[in-house]
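Please view the sequence and the structure below before reading on.

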Amino acid sequence: MSKIPYKQYCWSLGTTSFRTKNFNKTIEEQLMLLDDFWKLPENRNENWASNDKLQSNYYDFMHKSEFITGSAGNKPKDAREKTSGLVDIGLIDEGRRLTEAGLALLSISKKADFESDNFLQIDKDSFVYLKQLLKTSNNINGDTVRPFIVLLYLLSNFDELTLDEYAYLLPLCTNADYTKEIIEAIKDYRAGKTTIDEIIIFRLMKMDNYQSALKKFLEDEVTEDLLCEVGLNRKSRSYDKTYFGLYKNLYDVYVNNKLTKLIDVYNATQKVRIGIWWRNYLFNTTSAKAISKYPERCKNKTVFEKIKTEEDFKTEFFKIMHLFKAKSTLSDYLDLNRRYIKVTDIILFEDNVVKLDNIPKYFFKPVIDELYKEAYNSSDFLFKDVELTDICKALVFNEKSIVSGVNKEFAINLKTLNEVQNVVDKKRYDRLNVLIDNKFNDNNLLNLLDYFKERKDKEIYQMVTDSADIPTIFEYVLGIIWYKISDRKGKILDYMKLSLDADLLPKTHAAGGEADIVYEYEKTQYYPKHSLLLEATLADNTNQRRMEMEPVSRHLGQHLLNKGNLKSYCVFATTFLHINVVSDFRMRKDNYYYDSKDESKFIKGMKIIPLETNDLKNIILKKKKYKDLYSVFDNMHNQQLAPYEWRQKLSNVIAN
């Protein structure tokens with residue numbers, strides 16, 4: 001009998017070998033590296049395919065550029081894996097040359113101009129990614145599917161998906177028939193008529209290879225070799241040998257009623273690659289000692305409880321084995337798919353719910369049926385930089401349909417897109433405030449400030465996001481702190497000179513920029529009309545002196561020259577203040593600053609207030625507000641003290 005083949009049952013975006021932090025930045029840097037690599041005279045006429053020497057050279061090129069660290073055992077393979085995800089979404093071709101679409105994205109990155117110029121009001125680079133994702137397709141056992149269009153179709157049907165529906169059911173939509181079945185299954189699941197596990201098993205068991213494997217499993221004596229064959233492992237059938245011990249011990253417990261063998265079941269799961277799924281299913285404890293001593297107390301109720309015959313046991317074991325394999329794979333793809341989908345900036349992932357942002361929702365919903373007609377055909381434009389209407393003729397901007405959609409959802413009566421934008425902005429700030437309440441309460445901010453000081457990067461990524469690097473996250477957190485200090489007044493989303501994703505979390509680009517945050521204050525009884533430049537850095541010691549002394553004063557000097565409001569000033573925040581940085585900033589109090597392009601233009605004196613993270617912690621702990629801090633900073637600025645004493649007094653005043 002011929003070997004039962006493995007067949008794909010789900011789609012995925014990109015490749016697990018290109019699942020990386022700082023996703024936007026990494027893609028942009030990779031495009032820059034490839035562009036530079038192919039411009040080298042020795043590479044211009046080379047071909048990538050089957051060229052281990054060239055691929056190895058590219059690996060070394062990435063390493064020399066500090067894009068990667070460590071040492072790969074197989075350089076050509078690593079070079080292929082680091083670039084394959086960009087092939088999938090059409091930014092480079094199979095020969096690793098930049099495509100039209102890739103060059104368009106590279107141009108945006110090099111100019112560091114990500115500001116929105118499109119009707120969806122998403123960043124320029126996000127608009128490129130959106131078009132690429134709309135064109136991207138998978139080949140699943142001979143069937144073509146465009147995952148992003150299928151996602152839009154399901155969101156148009158349901159408005160939103162739970163994270164479990166998104167993770168475990170959406171990727172099973174690999175052709176039109178399966179998509180129709182999954183939509184009906186989601187309806188039944190929401191009505192309490194089925195479970196996600198039952199939907200996955202039903203979907204797998206419709207495939208002929210799973211049917212053949214179950215038939216063989218029922219007919220033959222169970223051995224390691226049989227489990228390796230019916231396990232249908234994609235990479236290596238030998239990986240499934242460990243299921244034999246699990247099968248034997250489970251059989252003893254549930255068919256032969258040998259409950260004392262339950263501890264052997266637990267030990268067998270430790271040898272299975274995805275044994276955690278089995279342990280969570282079979283046991284209510286992780287204590288081997290408890291399972292050995294009190295087996296009846298420690299086992300969950302499962303399908304195996306009702307087993308009467310060997311055939312029943314085999315059938316359930318087979319289904320559960322493949323259910324957990326599928327869920328493990330789908331869980332692995334969850335993060336990968338989310339990274340690619342998030343770069344479009346039109347999909348929200350919040351509170352375990354996946355949905356379209358407002359304007360994209362009302363753009364796609366009226367045209368989704370026409371767009372869905374393209375869901376199972378490959379695009380001829382994957383590598384091209386084309387208009388949305390080239391991808392699908394129905395993707396025409398229609399102001400009336402967007403206004404109508406907003407009016408219908410929120411029961412209001414708007415007339416223009418500008419009015420819609422005002423509503424959308426208000427909704428964004430509503431979401432921001434919920435985000436702050438849930439994710440950036442005072443205790444979390446205090447913990448984050450400690451993590452920044454101690455450079456506990458892993459904890460920072462877990463608490464905020466790993467789509468941005470740590471310095472960018474520090475700027476973002478400083479902005480959130482200042483927004484709270486300012487009683488959540490002011491357009492902080494505009495003031496932060498950062499790119500934010502649809503969930504209002506930061507993302508890092510390859511290029512740098514201007515002052516980190518420019519907070520605008522209108523005149524009140526507590527302070528005059530002014531701008532506050534917030535500069536953040538994690539640099540310390542010598543690096544801080546070199547990196548910050550000149551840029552901070554330059555940013556503030558140029559701002560004062562350009563805007564003309566000499567009441568404006570700068571707060572410099574860091575984890576460690578070098579005393580000579582403090583000294584330099586204090587000297588700026590009386591120094592002249594000239595316009596480098598016109599020496600007849602100058603200002604005399606700049607106010608720069610340097611703060612450490614401990615000062616920020618005290619501001620939070622003492623619940624100080626900006627109306628109080630302004631006078632503190634102003635009074636301290638006018639003090640005539642030596643830098644060291646001045647800095648100590650500033651810190652003491654803030655702490656009291």
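Asp351 lies in the loop between β4 and β5; strands, at least two residues of DSSP class E, and helices, at least four of H or I, are DSSP runs numbered from the N terminus. The model is predicted, so local features need pLDDT of at least 70 and side-chain atom pairs pLDDT 80 or more, while totals for chains, interfaces and linings use all residues. Residues are numbered from 1 along each chain as its sequence is written, and side-chain values use heavy atoms, with hydrogens and water left out.

- Strand β4 (residues 347–350) pairs with strand β5 (residues 353–356) in the antiparallel sense over four bridges; pairing requires at least two DSSP bridges between two strands.
- Leu348 stands opposite Lys355 in β5.
- Two residues separate the strands of this hairpin, and Asp351 has a positive phi near 50° without being a glycine.
- Asp351 is exposed because its relative accessible area is 62% (exposed means over 50%, buried under 20%, partly exposed in between; 1.4 Å probe, protein chains only).

**Loop between α11 and α12**
- Leu232, found in this loop, is not a glycine, yet its phi is positive at about 50°.
- Leu232 counts as buried because its relative accessibility is 3%.
- Lys235 is found in the loop between α11 (224–230) and α12 (243–254), and counts as exposed because its relative accessibility is 66%.

**Positive surface patch**
- Lys77, Arg80, Arg234, Lys235 and Arg273 form a positive surface patch.
- Patch residues have over 30% relative accessible area and no salt bridge, with like charges joined within 9 Å and nonpolar side chains (Val, Leu, Ile, Met, Phe, Trp, Tyr) within 5 Å.
- A salt bridge is a side-chain nitrogen of Lys or Arg within 4 Å of a carboxyl oxygen of Asp or Glu.

Conventions. Areas by Shrake-Rupley, 256 points an atom, 1.4 Å probe, with all protein chains shown as cover. Lys, Arg positive; Asp, Glu negative; His and termini not counted. Charge placed at Lys NZ, Arg CZ, Asp CG, Glu CD.
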